[in-house]
Each structure stands twice: as C-alpha cells, then as structure tokens.
Amino acid sequence: MSGRHGVFVARRVGQAALVVLLTYVFTFLVISVLPGDPVTSMLRDPENGFSDQDVQQIVAYYHLDQPVLVQLATSLGRFLTGDLGVSLRTQVPVTQLLGDALPSTLELTATALGVALLLAVVVAYGTQFLPPRLGQGIVRAVPSAALSVPSFVIGIVLVRTFGFQLGWFSITDPDSLTATLVAGVALGIPVSAQIAEVLVANLDHERTQDYVTLARSRGLTSRELFRRHLLKPSALPVLTVVAIAVGELLGGSLITESVFGRQGVGTLVETSVTGQDLPVLQAVVVLAAIVFVVVNLAADLLYPLLDARLRPSARSAAPVTAPARTLSDAVAGAA
Amino acid sequence: MTTTVLPEAHSPHDAPNVAPPGARRPARVRRVPVSLALSVAVVVLVVAWALLPDVFAHQDPVTGVPAQKFLPPGAAHWFGTDHLGRDVYSRIVHGTASSVLSALVAVGIGVVVGGVLGLVAGFVGGWVDAVVGRTVDVLLAVPGFLLAVVVVSALGFQTINAAVATGVSAVAVFARVMRAEVLKVRRATFVEASTLAGGSSLHVLVRHVLPNAYRSVLALSVLQLGVSILVIAGLAFLGYGDPPPASDWGLLVASGKNYPLAPWLVLAPAAVIVVVVLSVNRVSRRLRQA
C-alpha cells in the first residue's frame, strides 16, 4: 500500500473518532439541556426510595450541582477512560449492564443481517430471471411493499403464526435457535427490502453492459451469468447499504425485542427510558454510534481491496463509474 | 431507499420558450396508472379522516358498549369492536389526526431545519460547511429510531414530542440533499451569468437555487412522510405517544396485541398503516420520476 493510502486510512480513522466524540457530546446536551429535569425529579420521587444521602452522592458523582459545561467535562473525561458511569436506577456500572445485554442483541442482529442478505439475493434473482408473465412484476413490487409494513406488525404476525397457531416451538424462549431465527426474520425483512432495492437497480444497470451481451453470445445461461458476472459488480455498492443498515438493525432491535420478549440492549433502552436512567441511555446511543462508525469505516477501507478500480495505483487509469464509496455519497445517492 | 438519481437541475432560462408548454410531448397520451390513482385516493381519504373524523365515523371512539365487546368485523362494525366494546373503525379514524398530522409535523421540522442547514452549508461553505457536516455525521451515526426514542424521553411522552423527535432524526437526510442541490446549482452556468450580471447572493438564492432544489426536496419529503408515519407508529407502539384512550395507530396495534383471539384488533390498524404508507410511497415514486 502506498503512502497516499496510509494518509487516507489515517484521515478516515480520525474522522470516525471525532464523530464518536461529538455524538457523546450531542447526546449529553440533548439529555441535559432539553426542558424538564428528569434526573432530580426521579431522584426526589419518594417512590424510588432514594435517601438524602444517596441523592447527595449521585449529585456529587455527576456534579449535578454545577454548570452543564462542568458536568460535560467530567462526563467526557470519564468516557475517554472507558468509564460510562453508574446506572441511576440499579446502581450497577453501565458497562456491566451493557455487557450483559449485548450478546443477545448481537445474536439477533447478526441473524437478521444474514436473513436480510439471503432474502435480498433471492428477490433480486427473481426480478432478473423469472419470466415476465410468471410474476416478475410482483417480485419487483415486493421490496417497496415490505418497506411499508411496520416491523412490529411483522413481529406480531410471526409470533401469532408460529407461536400460537402452529405451536411448533416456543417463540419467546430467547435461548432457542428457532426463536432467534424468527425474531431475526422480523427484524431483517425491512432491511432486506432496502438491500434488494439497491441490488435490483444495480443488476438492471449491469445487464445493459456490453460484456453481458458478449457473455450471452458465448452461450452462458442466465443462471451462470447471474452467478459469474452480474452478482459481484452489483453487490459492491450493497456493502454501503449494509453498513448503514447495521445502525438500523440496532434501532429496530428495540421493537423486535419488545415483541419477542427478549432481554437485550433494546429492552435495556426501554427500561431506562421509563426509569429515566440517563447514563444508560447515553451509553447505548454512543455504543450504537461506535458500532455504526466502525462498520462504515471498515466498509470504506474494504472497498479498495474488493474493487481493483478503487485502488490508489489505479487512480491514474481511465475514470470509471465507481460505486458510492463513502457514507455521504451513499446517502446523497439514496435520496 | 433507492439509488434513483436526483432530477437534473434546470433553470427557467434553459427551457426553450419557442413552443408552448403543452407541446413538448405531443404524441403521448397521458395516462394515470391505476395504482397511482388509488394511492392519491387513499391519501385524500386519510386527510379527510384527519380533518373531519366525525363525518366518517359516527360511533364514539372513547366510550364503548360493554355488551358489544369483541365483535368480529361486520356490517355494524366494519373493523369489529375491542375489549371495551368500542368500534375499531371509529377509533382508527379518530386516531388519524395524531398519527398522520404528527408525521407532517416531523417532515416539516426535517425540511425546515435540515433545509436551512444544508442551504447555509452549501452556500457559505468554509468552516460553516464543516460544522454542519460534522453535525450531520453525528445525526446519521445514531440509528434514527434510537435517536427519536432518546429525544422523546427527554421531552416527555406525548405524540407531539414523538413528532418532534422523529423530525430531529430526519434533519440529517434533508440537510445532505439540500447541500448537494445547492452545490450542483451553484456550479451551473446560468448562476455564473446571474452573478456576473450583478445579481446578489440573495437574488441567486431565491431566484435560482431554491426553485431548482425544491423538486428533489419535495420528493424526499413525501418519501420521508411514509417513513415518519412508521417511526411515529413505532414510538406509539412502545407507549411513547399519548396514553390511552388516545387511539394512535401504533397504540391500537399495541393494545390489540394482548387479545390473540380477536386478531382484527391488530390487523385492522396494521392494514391501515400499510395501505397509507404504500400509497404515500407510490406518490413519492411518481414525484421522483417526473
């Protein structure tokens, strides 16, 4: 790798770190500057059973009696050393709460991502190779239709169908593989629709290229054409969509976990919202931002490895239409 | 999301003013596709539901008839009745205002705040652009739904706050698109000409940039309206909107979830959400093609 590539990597890593820091500040400000003072109103609520001493301790720990900027500085300093604070509700360190909740959510989102990719490829294949009379039009309408269904509706329908009516397996037991799979389907369908839309648009574009005509004249069947020539160039831009979708999966896990009765980050957010447990909420938001930023950084750095046209050495070659490489390009293109 | 390329910018000055506007596509008969006509009809109906719920639903959405609880859909109750004997159709119609109008509020916030941010960033450039750019990066890095949940929990659980929260999570997309449009138009020859002819920045902004950007922002707004309806329904589903007896569509699904033997309690409001969002998305696709 050349020095120019090294500079590119360093710049992107720096940007990513900056975004995470800014997200921390932004969430802190949203939580502490917006009207209402949930922390003290929660602490003073006699029902929560905080003694005066507890309250003083918490106020002193978070410097709640000092200006917002001092609070921010303290909080930011602790964040930089990996200390995410202590839950107001349970007095447990936030890192421990997150550590307990993460595995289940990661399992769910990974399953959902797998389901989403699989469904998207199947739908994309259908749009290209089903005979027009045998429902190609219907398959083409599937992604935008799927995007119009709220994920909680998909979840409830799946729980009812598999859990209650067919009664094949326990749908709400989070340890069972099938339950995770079904929850992953509920979470993955909206994301698969987004991936499918991009994939189909790219396949439609690639199919008009000269090399496809050439391959056909060489006698390749549609299936070989799809597998050997079309899928790879069309799949590259999908990497950007997938990277963005990871954030959405984390956000969507809130609803999916609630519908399927799973204990994870989503349920942690739910209980923290009702209990006004702000340190936990802030930690989850920053964690989501870290995951998003890291995945997108990885996608950006992977592109040159996957696509020879984007390698620094190839820059001097004739310009080609490259896929959207950065988040900004992808979002601008998506609109 | 799609990869549809934004419509090319053109200015009123570029258009050939030789032929009258109607004569540009002489041979083609304009035909409105059935799906588009249906979608527009659905949107009109929903707006009517939101504005005049009493005209469309005569039964009381709040007080039910206990003797008539859990009636399946039929002639008297199109979508059946719930556990308190309330007419589900009536509850859906009366919940339209807060479900759909709050989505409009959300999109309005996104367009105004995001639009102004993008406009200023693209127009002024320099450090302003950098600051706006990083802000947008942050807003994009936090999952939209999670961001909405955090904002609504800071503001308090009400449908109007859910709308504001949804709007905040939409700001980034609008800022990006508006900035891209501004940069595109600023490079155009007619803007250069206008500046050379002595046009002020304000003149360029009002006469050239905004008219050219409005089409893609409009298409994005309609698309975002569908997204916002879904996000607000999700927030209401989790109980972050107005509490019962309000009848936001998401809340209707959430309370119907507890009665598996009366599936219409979930399916009716769910179907309404799906049909409305489908229709809105169909209209948005038409706007992007035009």
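The points below are grouped by topic. This is a predicted model, in which local features need pLDDT of at least 70, side-chain atom pairs count only at pLDDT 80 or more, and totals for chains, interfaces and linings use all residues. Residues are numbered from 1 along each chain as its sequence is written, while chains are lettered from A and ligands numbered from 1 in the order in which they are written.

**Contact between chains A and B**
- Chain A contributes 47 residues to the contact and chain B contributes 43 residues; two residues are in contact if their C-beta atoms, placed from the backbone, lie within 7 Å.
- On the side of chain A that touches chain B, 32 residues are nonpolar, eleven polar and four charged. Ala, Val, Leu, Ile, Met, Phe, Trp, Tyr, Cys and Pro count as nonpolar, Asp, Glu, Lys and Arg as charged, and the others, Gly among them, as polar.

**Domains of chain A**
- Chain A comprises domain 1 (3-80) and domain 2 (94-334), with bounds from an automatic or database domain assignment.
- Domain 1 of chain A gives 16 residues to their contact, and domain 2 of chain A gives 13 residues.
- The side of domain 1 of chain A that touches domain 2 of chain A has eleven nonpolar, three polar and two charged residues.

**Surroundings of Ile232(B)**
- Not counting residues up to four places away in sequence, Ile232(B) touches Ser99(B), Ser102(B), Ala103(B), Ala106(B), Ala162(B), Ala163(B), Thr166(B) and Gly250(B).

**Nonpolar core**
- The largest nonpolar core has 166 residues, and Ile232(B) is among those that touch the most other members, including also Ile195(A) and Val284(A).
- This core draws at least three residues from each of domain 1 and domain 2 of chain A.
- A nonpolar core is a set of buried Ala, Val, Leu, Ile, Met, Phe, Trp, Tyr and Cys residues joined through C-beta atoms within 7 Å; buried means that 20 or more other C-beta atoms lie within 10 Å of a residue's own, exposed 12 or fewer, and partly exposed in between, with C-beta atoms placed from the backbone.
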